[in-house]
Amino acid sequence: MASHPDEKRHIVIIGGGIIGCTSAYFLTRHPSFNPKFHSITILEATAIAAGASGKAGGLLALWAYPPSIVPLSFRLHAELAAEHDGAKRWGYRSVQAGSIRAKAQSDRLETPKADSGTGSAEWNKLPKQDEASLKSLEKKGIPEDLDWFIAEGLTEYSSIGDADATAQVHPYQFTTSMAELAQEKGAEVKVGAHVDSIDYTGGHVKSVTYMDRQTKQIHTIPATDIVVSAGPWSSHVFPDIAVDALRAHSVTINAHVTPYVLFTDIELPKDFGAQDGKKRKHGRRVNPEVYARPNGEVYVCGEGDELIPLPSTADLVQCDPSRCQDVVDYVSSISDELRTGEVTAKQACYLPSIPGSSSPVIGGTGIKGMVVATGHSCWGIQNSCATGKLVSEFVFEGEAKSAQVGAMDPKIYM
Ligand SMILES: Cc1cc2nc3c(=O)[nH]c(=O)nc-3n(C[C@H](O)[C@H](O)[C@H](O)COP(=O)(O)OP(=O)(O)OC[C@H]3O[C@@H](n4cnc5c(N)ncnc54)[C@H](O)[C@@H]3O)c2cc1C
């Protein structure tokens, strides 16, 4: 049900990742938002974009999933970039996505360190390409401007859609910009504010209690509306929704290269990483994703793992440098540009997903004033804008207006 425009509202957003920040942005741009009557506060336990939202690749694609929100979100990304100079501010640009097959060049490959632990197991791909997008792969000759790979090693190139169907942002810059743009219209951002509990006794939200991690003081603030958008930590603050967390490592490398986002299939030498010393018929295949960015860096992400459970806060996420080094070594074995570029970041983060679903949950919970938006898996950057817009509609109009999201109703999973 839509609320009366003069009704006082205290909207509290839990989590300052991309979902919390786009929610704040679209709430401040909703026609019913009136800063005289409505307050919006983001409570973020660590720092804005401290989790996956600051460490993701940043690919946007019309062939992403779920189809009920992808086109809306893709369009909103383009509109926001046009309105706020996203090209400059967060590296928005259209980009060609493709997949390559390549053979690692032994003379460019370091011997794996004994402790990397990734020597022979099958690569655990992040589930970015669903069946439909795999079907849309179109085998082509190697494009002339894809000149940053060692020609002898590059055996195949397939494009995924055309460049109109794919774009990219720098996720950290985009997320922090969304927070700043929301603040410009009156939203408040509290960082280092770890939410400990939500009071929703009596079937409607009343308050949120958080700890200021610097002073260790506990604060309780009133809330008429709560948006649970704490990514993989969402179930820590609202246990009625289960959220899985998958760790993934990534690196950034300084290299000025042509604009491609590439899913790779690299065949390592037969004896590489074989712990039993035996020669195999084929080398192990590894699949790092490689994203050229307009700021002269290339982002590369590795495989998913479940070796270390999600820690209590984003600043405690453990990064295993040997896993990052593996990824650097793999791409170095097929590209001299990446081999000689300076590695500027080695990092890890957790992907949030809803058990048994490839879609996020977005919507009301049956508890008056409680909206949940989480579980965006591999496509949270792409689907952030639609999610933020829908959250603003759930809060101010009581229902989704811009897309049909009944299948993502959190109540199905509670
Ligand atoms: C390696 C990798 C590559 C990816 N590449 C892409 C891509 O190319 N395109 C794409 O669309 N998606 C991509 N994704 C997915 C995307 O990054 C995620 O879906 C998205 O970032 C999730 O955003 P979120 O805001 O829900 O969660 P998060 O980014 O995890 O944010 C949650 C926030 O909540 C805060 N928080 C947690 N607990 C509390 C608490 N108790 N109180 C207050 N705050 C709290 C955290 O500190 C954190 O800042 C990728 C993900 C990974 C891991």
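**Reading helices and strands**

Guide: Over residues 12-28 the chain is 65% helix and 18% strand, with the end C-alpha atoms 13 Å apart. Helices (H or I, at least four residues) and strands (E, at least two) are DSSP runs, numbered from the N terminus. This is a predicted model, where local features need pLDDT of at least 70 and side-chain atom pairs count only at pLDDT 80 or more, while totals for chains, interfaces and linings use all residues. Residues are numbered from 1 along each chain as its sequence is written, and side-chain values use heavy atoms, leaving out hydrogens and water.

Visitor: Which residues does the UniProt annotation "transmembrane region" cover?

Guide: That unreviewed entry marks residues 12-28 and 40-65. UniProt positions are given in the numbering used here, feature names are shortened, and annotations may be inferred rather than shown by experiment. Residues 40-65 are 0% helix and 31% strand, and their end C-alpha atoms lie 29 Å apart.

Visitor: How do I read two packed helices?

Guide: Two packed helices are described by the angle between their axes and the distance between the axes. Axes are lines fitted to C-alpha atoms, for helices over the stretch in contact, and angles run from 0 to 180 degrees between N-to-C directions. Take α1 (residues 18-29) and α5 (residues 171-184): their axes come within 8 Å and cross at roughly 30°. So α1 is roughly parallel to α5; angles under 35 degrees count as roughly parallel, over 145 as roughly antiparallel, 65 to 115 as roughly perpendicular and the rest as oblique.

Visitor: Which residues of α1 and α5 make the contact?

Guide: Contact means heavy atoms within 4.5 Å. Among them are I18, C21 and Y25 of α1, and F174, M178 and L181 of α5. By class, that contact has nine nonpolar, three polar and one charged residues. Ala, Val, Leu, Ile, Met, Phe, Trp, Tyr, Cys and Pro count as nonpolar, Asp, Glu, Lys and Arg as charged, and the others, Gly among them, as polar.

Visitor: At what angle do α1 and α9 pack?

Guide: About 55°, with the axes of α1 and α9 (residues 384-397) 7 Å apart. Therefore α1 is oblique to α9.

Visitor: And what about sheets?

Guide: Two strands pair if DSSP finds at least two bridges between them. Here, three strands form an open sheet in the order β10-β11-β12, with antiparallel pairing. β10 (193-199) and β12 (218-222) are the edge strands, each pairing on one side only. Six bridges join β10 to β11 (residues 207-212), and H194 stands opposite M211 in β11.
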